[in-house]
Amino acid sequence: MLQSLSKIPKIQKRPSKSTVPLTEIISMAVETLWSNKLRTGLTMLGVVIGIASVIAITSVGQGVQKSVENQIQALGTDVLQVLAGAARSGNIRQGVGSTSTLTWEDAKAIAQQAPSADLVSAYLQRNAQVVYGGENTSTTIYGTDLNYPDARNTHPQEGRFFTQEELDSSKQVAVIGPTVKRTLFGNSTQVIGEQIRIQGETYEVIGIMEPKGAQGPMDRDDQIFIPLTSMSGRLVGNNALTGVSVNGILIKSSNQDKLEAAQFQVTNILRLRHEIYPPQPDDFRITNQADIVSTFTNVVGLFTIMVVAIAGISLVVGGIGIANIMLVSVVERTREIGIRKAVGATNSAILNQFLAEAIVISIVGGGIGMGSGILIAFGASSIFKFPFVISVASVIVGFGLSLFVGLVAGVIPARNAAKLDPITALRSD
């Protein structure tokens with residue numbers, strides 16, 4: 001008898017009828033949301049604004065940071081700049097370079113006595129009116145030595161720079177920037193050899209510098225370069241008691257370690273030459289381009305974090321909006337929930353449906369927000385002329401945040417819906 005019982009086939013357990021496939025849950029959620037388009041759109045608006053803000057602000061911040069880094073890289077991050085001190089009128093300190101505390105002789109001493117200084121260049125800077133024929137423009141004139149193009153990483157695109165002989169003889173020759181060329185000569189291609197007048201003095205154009213673009217408010221193409229001796233003797237005058245006065249000195253080294261050593265050496269050389277002893281303040285200031293890059297990067301980074309945090313508040317508001325609308329939806333659909341439970345829907349099925357609706361709202365809103373953020377960032381980069389940079393991390397974080405907001409915001413309404421008593425729900429109007 002036991003053998004006959006063993007021959008009876010085992011009854012296999014059927015899958016529960018209450019188990020609803022994921023695709024059907026999503027399809028029902030989409031259908032329900034689509035039937036209330038206006039409410040759904042307003043619900044996901046907070047998520048859209050929050051995600052778009054995070055991506056756009058992050059992209060713009062990184063683009064601006066990249067633009068400034070490129071501009072400073074063009075000037076050279078391996079360069080120290082020594083600036084003349086500031087004059088005082090009573091207790092009021094004027095701008096840096098307002099007094100003549102640096103000379104060409106200081107630059108020559110640095111070149112000879114600072115082992116870590118690979119290249120040294122002195123320059124004198126003034127604004128002046130330049131005239132060619134019937135055209136004139138106000139531009140920046142730089143009186144420099146032969147090392148300036150290498151120190152500033154800028155060289156003539158056409159023609160040439162002046163020679164040592166022209167520097168020694170105070171020759172009246174000039175190398176102009178692209179903006180000056182365009183302003184004075186228009187579309188003319190015959191510029192080399194033409195005569196321009198700077199503060200009444202005639203100079204021959206011997207070269208046109210390569211374009212470098214703007215650095216903040218300063219157009220680096222709106223400049224003219226002439227021999228330092230010519231500018232000092234003819235346009236400014238030797239106004240320092242110890243030699244040719246200059247506004248600044250550029251020191252270039254091959255790497256960052258040598259640059260830090262050069263800064264220490266230059267400081268000591270100038271203090272000895274200027275007879276400055278503690279506790280007297282220095283009559284000069286040394287800036288490091290690499291420090292400027294680092295400082296700006298930190299400032300932009302902190303600003304981006306602050307604004308992204310503010311945008312995150314919008315995401316929280318969006319999540320509250322989703323939760324609020326879903327709670328209202330549970331109340332409105334109480335009878336529907338009762339009917340579904342009456343025909344066999346389990347608590348988990350009801351929970352999954354309402355949770356799916358909240359997640360669909362957040363994912364679709366996150367997708368729209370990501371697209372909007374990328375478009376805003378692209379438009380800003382096109383208008384304000386900085387690199388278009390999209391961080392993959394910001395997109396992933398944005399999508400993750402939208403999913404998280406939907407999940408968290410949908411939990412409480414979904415649980416409330418799942419816990420409804422079917423008899424009570426069916427009696428609801």
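In the protein chain, which has 429 residues, 42% of the residues are buried, where buried means a relative accessible area under 20%, exposed means over 50%, and partly exposed lies in between (1.4 Å probe, protein chains only). The structure is a predicted model, in which local features need pLDDT of at least 70, side-chain atom pairs count only at pLDDT 80 or more, and totals for chains, interfaces and linings use all residues. Residues are numbered from 1 along each chain as its sequence is written, and side-chain values use heavy atoms, with hydrogens and water left out.

The secondary structure of the chain consists of 14 helices and 16 strands; helices (H or I, at least four residues) and strands (E, at least two) are DSSP runs numbered from the N terminus. Among contacts (heavy atoms within 4.5 Å) with a separation of 6 or more, 76% join residues 24 or more positions apart.

An unreviewed UniProt entry lists residues 302-331, 358-380 and 386-412 under "transmembrane region". UniProt positions are given in the numbering used here, feature names are shortened, and annotations may be inferred rather than shown by experiment. In the model, residues 302-331 are 100% helix and 0% strand, with the end C-alpha atoms 44 Å apart. Residues 358-380 are likewise 100% helix and 0% strand, and their end C-alpha atoms lie 32 Å apart.

Two packed helices are described by the angle between their axes and the distance between the axes. Axes are lines fitted to C-alpha atoms, for helices over the stretch in contact, and angles run from 0 to 180 degrees between N-to-C directions. Helix H10 (residues 289-332) packs against helix H12 (residues 347-384) at about 145°, with the axes 11 Å apart. This contact involves Ile322, Met326, Ser329 and Val330 of H10, together with Phe354, Glu357, Ala358, Ile361 and Ser362 of H12. H12 also packs with helix H2 (residues 22-34), at an angle of about 65° and with an axis separation of 9 Å. Here the H2 residues in contact include Ile25, Met28 and Leu33, and those of H12 include Asn352, Glu357 and Ile361.

Helices H4 (residues 104-113) and H9 (residues 256-273) form a further pair, with an angle of about 130° and axes 10 Å apart. H4 and H9 are therefore oblique to each other, since angles under 35 degrees count as roughly parallel, over 145 as roughly antiparallel, 65 to 115 as roughly perpendicular and the rest as oblique. Glu105, Asp106, Ala109, Ile110 and Gln113 in H4 meet Val266, Ile269, Leu270 and Arg273 in H9.

Several individual residues were also examined. Ser67, in helix H3 (residues 37-75), is buried, with a relative accessible area of 15%. Beyond its neighbours within four places in sequence, Ser67 contacts Phe386 and Pro387. A cis peptide bond, with omega of about 5°, joins Pro278 and Pro279; Pro279 belongs to the loop between H9 and strand S16 (284-288).

Ser170 is not a glycine, yet its phi is positive, at about 55°. Ser170 occupies the loop between helix H6 (164-168) and strand S8 (173-176) and is partly exposed, with a relative accessible area of 22%. Gln199, also not a glycine, has a positive phi of about 50°. Gln199 is located in the loop between strands S9 (195-198) and S10 (201-209), and its relative accessible area of 45% makes it partly exposed.
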